[in-house]
Amino acid sequence: MKIFKSIFIALIFLGLIWVDLPENVKTKYKIPNKIDFNVYGLNVKKDFTTKLGLDLKGGSSLIFEADISKVKREDLNDALNSARDVIERRINFFGVTEPQIQTVKTGNKYRLSVDLPGINNYEEAIKLIGQTAQLTFKELPDEKIATTTPIFLQLTRDTGLSGVHVLKSTVEFDSQTGKPQVGLKFNKKGADLFAAITQRNIGKPVGIFIDNMPLTTPTVQTEILDGSAVITGNFTTDEAKKLTISINSGALPLPIRLVEQKNIGPTLGAIEVRKSVYAGTIGLIMVLLFMIIYYGRLGFIASLALLIYGLISLFIFKAIPLVLTLPGVAGFILSIGMAVDSNILIFERIKEEQRKGKAFDIAVRLGFGRAIDAIKDANVTTLTVAFILFNPLNWEFLPQFGMVRGFALTLAIGVATSLFTGVVITKRLINMFYKVR
Amino acid sequence: MINFLKYRWLYFLISTVVIGAGLFSVVKWGFRYSIDFTGGSNFEFQMDKVIEKSKIQKILDLNKISVVSLKQQDKNIILRTKVLDQNKESLLKKDLEAKLKIKITVLRSETVGPILGREAINKTLIASILAIVGILIYMSFAFKGFNFAFSAVLAMFHDLLVVVGTYSLLSHFFGAEVDTMFVTAVLTTMSFSVHDTIVIFDKIREYHNEQGSLEMESAANQALTETMVRSLNNSMTILFMLLALTMMGGSTIRFFILTLLIGTITGTYSSPFVATPILVLLEKMKKQKS
């Protein structure tokens with residue numbers, strides 16, 4: 001029975017170490033850092049990687065304010081959601097991994113916060129997200145215009161069909177020439193409008209404009225009823241791609257304005273991370289040495305508990321996964337301090353009981369019992385503070401921005417873990433090393 | 001047992017001097033606020049060679065950019081301006097590259113509208129007040145007495161004043177800016193302060209309850225004697241971490257870590273030397289009343 005228990009603990013330990021292994025260190029044997037398997041049709045898939053926040057990894061954090069003056073109250077949520085979708089589509093063009101787009105309401109202001117981790121050409125991204133390219137279709141007016149006027153100047157009558165009616169725009173390739181072209185798919189209303197336009201304009205040109213700039217002026221061959229169209233032109237694949245994005249974004253349902261942008265280059269963050277990890281390691285070693293020198297064998301046990309604490313916290317960070325930012329690191333460092341504190345409290349109590357002439361094993365038991373009260377009260381208070389700062393219900397009168405929340409989350413995880421390792425694990429270790437019965 | 005409370009006038013003097021110096025600085029010099037609070041733009045450009053500052057300044061003037069500050073460290077320049085939109089930023093960068101014949105890598109570029117920062121600070125204030133109320137309620141229950149909770153919170157305010165005051169000095173003499181990181185550091189100090197105080201109060205409560213006849217003052221003295229080693233050891237471990245980070249950590253977090261360092265020191269100091277004397281005083285007043 002005891003053997004099984006040992007094996008079980010060893011397995012958990014190995015699991016922790018496996019997850020915590022740094023993912024970008026090259027080793028001779030490739031160790032995977034994800035789980036992906038099927039159990040009775042249930043797919044278990046988990047990727048254990050450290051997620052770094054924008055301030056550490058580099059990237060852009062943008063906040064747009066939506067102009068809601070032209071939107072009806074009951075349509076507001078739809079408009080905001082579809083604006084978010086449009087922005088997401090535009091971002092996907094840049095191949096950003098895990099962009100975060102949120103709508104944030106503050107008072108009567110509506111904002112969209114867009115996080116683009118690891119992006120380099122932020123200038124282009126901002127331009128693309130913020131642009132409100134409006135796609136319009138125009139036809140020839142009834143009255144005759146001198147044929148010497150360039151064709152796109154003749155097309156002056158608005159058909160009522162616009163980017164709002166475009167469901168989706170995609171890059172396609174001509175089946176004969178292989179040239180890239182832009183395909184349009186209209187919604188129901190757009191399809192009806194388009195059918196009517198093509199019907200009355202057979203043999204005549206129809207202009208497609210972006211922001212009132214002529215894009216192409218194809219001549220209508222036949223009536224098109226299925227609500228799809230193709231824009232041909234001398235596009236390169238890249239141009240066609242950009243055009244589809246512009247058209248897709250032309251449907252942005254409400255104007256947005258950039259009010260805040262923070263861009264961190266990838267080098268700055270990398271330097272910060274390296275320095276912080278280096279400094280953190282040295283600090284930790286000093287703490288461990290101090291504990292061992294001051295408390296001797298007990299200090300060694302505390303150091304072991306602290307290492308286990310580090311392993312468990314890192315495991316939780318990777319498993320959630322939690323996005324690590326600089327304030328998050330601060331919260332973690334603070335919680336390391338509090339984890340050591342639990343041990344120091346317990347050890348001082350044990351020493352105190354020993355001074356009163358109690359035998360060691362009795363002193364250990366009493367010490368733990370006495371210290372628990374202080375540890376509990378102190379940590380519950382800290383957890384309360386972390387809870388309020390984290391604002392789990394996303395109340396708008398409390399901080400909704402990432403900095404403070406990141407701090408609160410790592411602090412809470414750290415404190416909760418330290419309660420476990422500082423008390424339970426330390427006690428086990430003492431039992432193991434001292435054979436206290 | 002050491003009679004720590006005998007020297008309460010000394011603790012009071014130390015606190016008064018430190019807080020007084022800080023408040024003097026707050027009133028006289030105030031703070032340097034980051035763009036998080038004032039609105040504006042911040043750029044950190046890395047150039048591929050060292051350029052004279054005056055040349056950069058000239059191009060900035062030509063572009064009609066209202067510069068708040070321009071700092072130079074080797075090949076890097078840190079530029080702070082009034083709100084600069086994306087187009088102007090691109091133009092400026094191109095102009096600098098063309099006229100100085102250099103290549104610029106943007107290390108950091110931030111633009112913040114002025115309203116957002118103010119909102120953030122208001123929200124953080126509300127959250128802090130709620131947190132304080134939470135602490136008061138929890139401690140009143142856990143310690144079965146409002147005086148414990150009240151003194152802990154007063155000591156927390158003491159630490160808050162120390163941190164804010166010293167930061168004003170840092171701001172004046174070393175150019176530290178009040179930003180969201182500073183707000184986080186203040187929050188950390190506040191939670192650490194209460195955390196630390198509770199450990200000592202727990203001991204005082206224990207002695208007070210164990211020996212019912214014992215005066216609060218002698219219970220407090222006994223508790224302080226017993227916990228002094230623990231207090232020192234504990235803050236020592238946090239100080240090790242923070243000192244390492246201050247000396248070797250990256251430049252963007254230097255002031256942040258330094259603030260945490262000050263917060264830890266005052267947080268540890270205030271538990272025995274501010275919170276405890278206040279508690280003893282409050283308990284004495286309570287006794288006199290009844």
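How many residues does the contact take from chain A and from chain B?

Author: In this predicted model, the contact takes 60 residues from chain A and 55 residues from chain B. On the side of chain A that touches chain B, the elements that each supply at least two residues are α4 (122–130), β14 (256–264), α8 (266–295), α10 (326–355), α11 (360–390) and α12 (402–434). Of these, α8(A) gives the most, with 16 residues. Sorted by class, this side of chain A has 38 nonpolar, 12 polar and 10 charged residues.

Several helices of chain B may be described in turn. Helix α1 of chain B, residues 8–28, has 21 residues and reaches 29 Å from its first C-alpha to its last, close to the 30 Å expected at 1.5 Å a residue. After α1(B) comes B:G30, with a positive phi near 65°.

Helix α6 of chain B covers residues 146–174. The end C-alpha atoms of α6(B) are 41 Å apart, which agrees with the 42 Å that its 29 residues should span at 1.5 Å a residue. A glycine follows this helix as well: B:G175 has a positive phi, near 75°.

The axis of α6(B) comes within 7 Å of the axis of helix α9 (residues 254–289) of chain B, and the two cross at roughly 145°. The crossing of α6(B) with α9(B) is right-handed. By class, their contact has 17 nonpolar, 10 polar and 3 charged residues.

Helix α8 of chain B, residues 216–248, has 33 residues. From its first C-alpha to its last, α8(B) reaches 45 Å, close to the 48 Å expected at 1.5 Å a residue. Within α8(B) there is a kink of about 45°, centred on B:T227.

Key: Residues numbered from 1 in each chain as written. Chains lettered and ligands numbered in written order. Predicted model: local features only at pLDDT ≥ 70, side-chain atom pairs only at ≥ 80, totals over all residues. Axes fitted to C-alpha atoms, helices over the stretch in contact; angles between N-to-C directions. Helix = DSSP H or I, 4+ residues; strand = E, 2+ residues; numbered from the N terminus. Left-handed = near helix turned anticlockwise from the far one by under 90°. Nonpolar A, V, L, I, M, F, W, Y, C, P; charged D, E, K, R; others polar. Expected span 1.5 Å × (residues − 1). Bend = angle between axes of the 7 residues up to and from the residue. Contact = placed C-beta atoms within 7 Å.
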